[in-house]
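Have the structure open and follow along.

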Amino acid sequence: MTTKETEHKLKVRHLFDDDYEILRDTSAKVYKNVAFQWSREQISALIRLFPEGQICIEDHGKPVAFALSMVIDFSLFGEQHTYDQIIRRGTFKSHDAEGDYLYGIEVFVDPSFQGMRLGRRLYDARKELAKNLNLKGILLGGRIPGYYKHSAEISPEEYILKVQNREIHDPVLSFQISNEFHVRNLLDDYWPVDHHSHGNAVLLEWVNIYFRKKTKLIGRTQSIARLGVVQWQMRRFDSFEDFLQQVEFFVDTVSDYKADIILFPELFNAPLIHTYEGNNPPDAMRMLAGHTERLRIALIEMALRYNINIVSGSVPLLGDEGQLYNICYLCRRDGTWDSQVKLHITPDEDSHWGFTGGNDLKVFQTDVGKIGILICYDVEFPELARLQTLRGMKLLLVPYWTDTKTGYNRVRRCAQARAIENECFVAISGSVGNIPKVETMGIQYSQSAVFTPSDFSFPHDSIAAEATPGIETILVTDLDLDRIKELRAKGSVRNVESRRTDLYELRWLDKSSEK
């Protein structure tokens with residue numbers, strides 16, 4: 001005899017954008033009296049944000065069961081929260097790739113497929129995901145749709161207890177309890193439109209017994225980043241080796257303070273241009289680019305030797321087709337490296353040296369979290385830092401080079417604005433002094449600084465540290481990146497979260513170059 005199960009061809013897979021209509025129609029079958037709350041754009045955003053967490057089961061190629069989920073930092077929500085707080089009004093901005101729990105935001109099965117234990121399969125897939133991500137477990141606000149039948153006689157708490165004791169069967173809660181979820185507490189007014197549950201839900205938890213506490217620094221992101229910012233004296237160097245010796249002096253000094261990152265200024269190797277005396281500025285800058293590969297290799301070796309991540313400031317680089325780029329290297333202390341090219345070129349950089357703007361905007365993963373780099377003029381374009389923030393950046397590093405205080409103020413004021421509007425830390429590093437007899441590089445003005453967001457848990461002037469203008473020095477300061485996460489979730493204002501994405505959007509046009 002052929003069973004009903006063998007008549008089907010089932011497959012568990014991730015959800016795709018093209019599944020939206022079937023998702024919507026299936027939800028309408030399950031929640032007959034509740035309008036479908038997700039737009040196509042919202043589901044697409046959730047898939048982009050956390051593709052692993054959006055699961056469906058298809059039968060002969062057609063999805064018939066669905067489970068949507070996010071990763072959250074439970075400490076930001078606690079035992080009492082609402083569904084809307086979790087999904088952030090359908091923006092899913094509470095998703096945190098560094099969170100500790102998988103949170104189930106939706107699960108339903110086509111009614112014609114009930115009795116085939118597809119819900120159990122979906123929960124098994126969620127459990128496997130929680131194990132693979134090394135999360136503490138799974139949380140969800142479970143409905144109690146059978147409560148309306150008993151609400152006149154007993155309270156929600158009493159109803160939950162009777163379901164636990166198997167005195168009452170609830171179609172949702174009983175299933176979840178049988179699926180190894182245990183009750184934590186009642187969630188009042190969790191989902192007001194759920195009239196059968198009288199708006200209530202049960203905070204349920206499945207515990208991942210394979211979870212391992214992230215107590216080791218190895219392979220783990222730190223929450224406190226100690227940052228060293230160099231205010232660099234422009235001076236004449238007799239050779240590349242003399243210049244490199246000065247670089248190593250600062251790397252050695254800052255690493256003695258147990259810093260995690262050191263930031264140098266823009267074009268900090270420019271004093272070597274004097275060694276090409278007699279050449280015009282564009283040719284001299286291209287000749288200076290001949291040192292760039294040697295410098296990158298030397299910085300990687302220093303990063304390993306001194307156990308510090310080095311952000312090189314910036315240096316000229318010749319491209320494969322002869323273009324001249326202004327590039328900044330991130331040399332990690334694990335021996336890997338990456339780079340960010342300056343995107344916007346000032347009129348003087350174009351006319352004096354012939355620089356070309358790059359095409360890639362990156363966010364870098366480091367052992368202190370996700371960082372971004374914008375070189376000088378780039379920080380004056382707010383779109384760039386916002387794009388980096390939307391990809392998880394918490395610390396923005398800005399190497400700059402300005403000759404006058406007016407130029408410096410443009411960089412400083414814009415950097416402070418980026419810190420406030422993106423709720424992140426921003427550090428700026430510049431050069432001081434002068435280089436006699438070097439055309440286009442006579443004087444420099446700088447007051448290097450580290451800026452913070454503007455809220456009660458940060459300095460009243462939103463400045464973590466700043467140097468004395470005009471002298472060579474270093475800044476060393478500790479930055480708590482977990483406070484950025486907390487600010488974005490619970491701050492007095494929430495610039496990133498409050499964006500009206502229903503009215504406007506920001507996107508990178510060249511998707512192939514978005515990193």
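Which residues lie nearest the centre of the second largest pocket? They are Val 30, Tyr 31, Val 107, Arg 143 and Val 172, and the pocket is lined by 42 residues. Keep in mind as you look around that this is a predicted model.

**The second largest pocket**

Let's stay here for a moment. This pocket has a volume of about 1200 Å³. Several elements supply at least two residues each to its lining: helix H1 (20-30), strand E4 (101-109), helix H4 (118-132), strand E5 (137-142) and helix H6 (173-178). Strand E4 gives the largest share, with six residues.

**The largest pocket**

Now move over to the largest pocket. Leu 49, Thr 91, Lys 93, Leu 390 and Arg 499 are the lining residues that lie nearest its centre. The elements giving two or more residues to this lining are helix H2 (40-49), helix H11 (382-390) and helix H13 (481-490). Helix H2 provides the largest share here, eight residues.

| Pocket | Volume | Lining | Classes in the lining |
|---|---|---|---|
| Largest pocket | about 1900 Å³ | 48 residues | 14 nonpolar, 12 polar, 22 charged residues |
| Second largest pocket | about 1200 Å³ | 42 residues | 22 nonpolar, 11 polar, nine charged residues |

**A sheet of six strands**

Pockets aside, there's a sheet to look at. Six strands form an open sheet with mixed pairing, in the order E14-E15-E16-E17-E20-E21. At the edges you'll find strand E14 (364-366) and strand E21 (463-466); each has a single partner strand, so one side of each is left without a neighbour in the sheet. On average, neighbouring strands in this sheet are turned by 20 degrees against each other, direction ignored.

Zoom in on one pair of strands. Strand E16 (residues 395-399) pairs with strand E17 (residues 425-429) in the parallel sense, over five bridges. As a general point, strands of a sheet pair through backbone hydrogen bonds, either parallel or antiparallel. To find a spot in this pair, look for Leu 397, which stands opposite Ala 427 in E17.

**The helix across the sheet**

Which helix lies across E16, E17, strand E20 (449-451) and E21? That's helix H12 (residues 405-422), and it runs at about 165 degrees to E17. With E17 already in view from the pair above, you can pick out H12 lying across that strand.

How values were computed: Residues numbered from 1 in each chain as written. Predicted model: local features only at pLDDT ≥ 70, side-chain atom pairs only at ≥ 80, totals over all residues. Heavy atoms only, no water. 1 Å grid on protein atoms, 1.4 Å probe; cavity = no way out; pocket = protein on both sides within 12 Å on 5 of 7 lines; lining within 4 Å. Points joined across faces, edges and corners; volume = space filled by probe spheres on them. Helix = DSSP H or I, 4+ residues; strand = E, 2+ residues; numbered from the N terminus. Nonpolar A, V, L, I, M, F, W, Y, C, P; charged D, E, K, R; others polar. Pairing = 2+ DSSP bridges. Axes fitted to C-alpha atoms, helices over the stretch in contact; angles between N-to-C directions. Contact = heavy atoms within 4.5 Å.
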